[in-house]
Amino acid sequence: MNKKIKVINFVPEELPSYRPDVDVLYSKELPKQGVDTTIVGMPDKETLHLEDDSTRLLTSKKTSNRHLDSLVYFFNAIKLTFHAKKAGFRLIQVRDMVWVGLVCMLIAKLIKLPTTYWVSFLYAESRTMRAKDKSENIPSWKRPIILARGLLEEFILYRIILPHSDRVYVQSDFMFNYMKGKGIDPDSMVVVPMGVDFDKIESLSNTQVKHIERWGNAPVVGYLGSLDRLRKLEVIIEAFKQAKEAVPDLKLLFVGDSEVTMDREFLQKTADELGLTEDFYITGWVKTEEAWAYLKGVDMVIGFMNRGLLLDVSTPTKAMEYMALKKPMICNDSPDQQFVIEQSSCGRVTDGSSQAYAAAMIELAQKPMSDDELEAGYQYIKSNRSYAFIGHQVAADIKYIIQQQNS
C-alpha cells in the first residue's frame, strides 16, 4: 500500500467550510497520518478550487439558484465517483447526503472501491418530525411532501446505504446505540465525535483577559454561543436569579448574539423584569479572539442543550472547549456532555431545570474547583477529544478498510 492514501469526501455544506471536521480533521490532521483528502462541497458565491500539498477543496459549478446548484452538485458527484479509481482515489466517503450517498455507493461497488458514510445528524428523522409537528410553521400542503421525503430517505439510509457501506461513522455513543436499534451491524460502525483543535487553544492561550469593568472582581458565570430563542436560555437567567440569593455579587455574561433581534431583546427583557439589569450583560457578536478573552475572565461556564432525539445524538463542542480552557463546566444531561463531565470530573451535570443550574452555580461560586481538577479535565480532553487524537484514529481506520478491500 502506498504511504499516501487519496480519499474523496463529498460533504453537503458550502466551501470553504469552517466546520472543524472539515477544516481541522480532514484538512490538517489526516494528512499528518498519510491520508490526503479531496473535499467536494457546494459553491458559496462562486465555483471554488483550492489546493495545497495534501488537501483539495472543490465545488460544483455555481449557477443562478440554489436548487440548480444542488442538481449540478449531484451530477458532479456522479462524474467524480466514476473517475475516482483512475484519479488514484482509494476510498469514497459521503456525509449526510442520502441521494448522493446511494448513487456514489452503487458506482463504487461497480468500480470496486470501498465506501464509507458519515452520519453527523439525523436529517431524515428531522424531516419526518417537522412534518408531524403542528407547531412548525409549514403550509399544510407541504407537510405530506416533507413527510414522504423523510420516510423514503430513512428507508434508503437504513436499508440500503448503511448496511452496504464498508464503514459507518457516527457522531456519538448515543447515535451508535440508536443505529444499532435500527438494525445496523455494530461492527460496521465507528464513533467519531466532534473534537477540539488544540493548536487553536494554544494560539489563544496568551490572549489578554477581558472583563466587564463595572463588575470589578465579582464572580462571573459565562455562556458562549448563539442566543436563538429555541435554545431556551431564559432558563439560565432564571437560575442565575435564584443563585444570586445565595451569592449576591454573582454576574452573568452572554458572549454571542442572535440573527433575530427579537431573540436577544427577549433575553434582555427577561433579565430586566427579574431585576438583573446591572448584573447581566450581552456582548453581541465579537471576533473569536475577543470571545475567548471574555471567556478567560469568567469563573464558570454554561453548557445548555435542549433534550430530544435530534440533539441527543450530537457531541456538543462547547463542553470540551471550556475544559480545554480549564474552566469549570455546568451542563445539562445531554448524553455526550454528561459523559465527558463524568469521565473527567471537571464540572457539574444538572437535570436542565433552573433550580439545578442555580444549585451548581452556588456550589462552584462558594467552592471553586481546584487547579488539579481543572488540569485533569484539560488532560482528559487532550487525550480523548483532541483532533490530533481523532485524526490518528480515523486515519488508522481508513487504512484498515483499504487493506481489507485489497485482501
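Mentor: Helix H2 (residues 66-82) lies across strand E1 (5-15), strand E2 (35-43), strand E4 (55-59) and E5, and runs at about 150° to E2. The model is predicted, so local features need pLDDT of at least 70 and side-chain atom pairs count only at pLDDT 80 or more, while totals for chains, interfaces and linings use all residues. Residues are numbered from 1 along each chain as its sequence is written, and side-chain values use heavy atoms, with hydrogens and water left out.

Trainee: Which strands does helix H16 touch?

Mentor: Helix H16 (residues 387-406) packs on the sheet and touches E1, E2, E5, E6, strand E7 (167-170) and E8. The direction of H16 makes about 165° with that of E7.

Trainee: Why is the crossover from E1 to E2 called right-handed?

Mentor: The chain passes from E1 through helix H1 (residues 20-32) to E2 as a right-handed β-α-β crossover. The name applies because, with the strands pointing away from the viewer, the path from the first strand over the helix to the second runs clockwise.

Trainee: What is the strand order of the sheet with eight strands?

Mentor: The order is E3-E4-E2-E1-E5-E6-E7-E8, in an open sheet with mixed pairing. Strand E3 (49-51) and strand E8 (189-191) are the edge strands, for each pairs on one side only. Neighbouring strands are turned by 20° against each other on average, direction ignored. Within this sheet, five bridges join E2 to E4 in parallel, and Thr 37 stands opposite Thr 55 in E4. Strand E5 (residues 91-95) and strand E6 (residues 115-119) are also parallel, over four bridges, and Arg 95 has Trp 118 as its bridge partner in E6.

Trainee: Is Thr 116 buried or exposed, and why?

Mentor: Buried means under 20% relative accessible area, exposed over 50%, and partly exposed in between (1.4 Å probe, protein chains only). Thr 116 lies in strand E6, and because its relative accessibility is 2%, Thr 116 counts as buried. Its contacts, not counting residues up to four places away in sequence, include Leu 91, Ile 92, Tyr 169 and Ile 401.

Trainee: What makes the pair of Thr 116 and Gln 93 a polar contact?

Mentor: A polar contact is a pair of N or O atoms within 3.5 Å; within protein, one must be able to donate a hydrogen and the other to accept it, and residues adjacent in sequence count only if both atoms are side-chain atoms. The side chains of Thr 116 and Gln 93 make such a contact at 2.8 Å.

Trainee: Why is Thr 128 called buried?

Mentor: Thr 128 has a relative accessible area of 6% and is therefore buried. Thr 128 belongs to helix H4 (residues 123-132), and its side chain reaches the backbone oxygen of Glu 125 at 2.8 Å.

Trainee: Why is helix H8 described as largely enclosed?

Mentor: Eight of the eleven residues of helix H8 (residues 234-244) are buried, so H8 is largely enclosed by the rest of the structure. Among the buried residues are Val 235, Ile 236 and Phe 240. The elements they pack against include strand E10 (251-255) and helix H14 (354-366).

Trainee: Which strands stand at the edges of the sheet with six strands, and why?

Mentor: The order of that open sheet is E11-E10-E9-E12-E13-E14, with parallel pairing. E11 and E14 stand at the edges because each has a single partner strand.

Key. Pairing = 2+ DSSP bridges. Helix = DSSP H or I, 4+ residues; strand = E, 2+ residues; numbered from the N terminus. Axes fitted to C-alpha atoms, helices over the stretch in contact; angles between N-to-C directions. Contact = heavy atoms within 4.5 Å.
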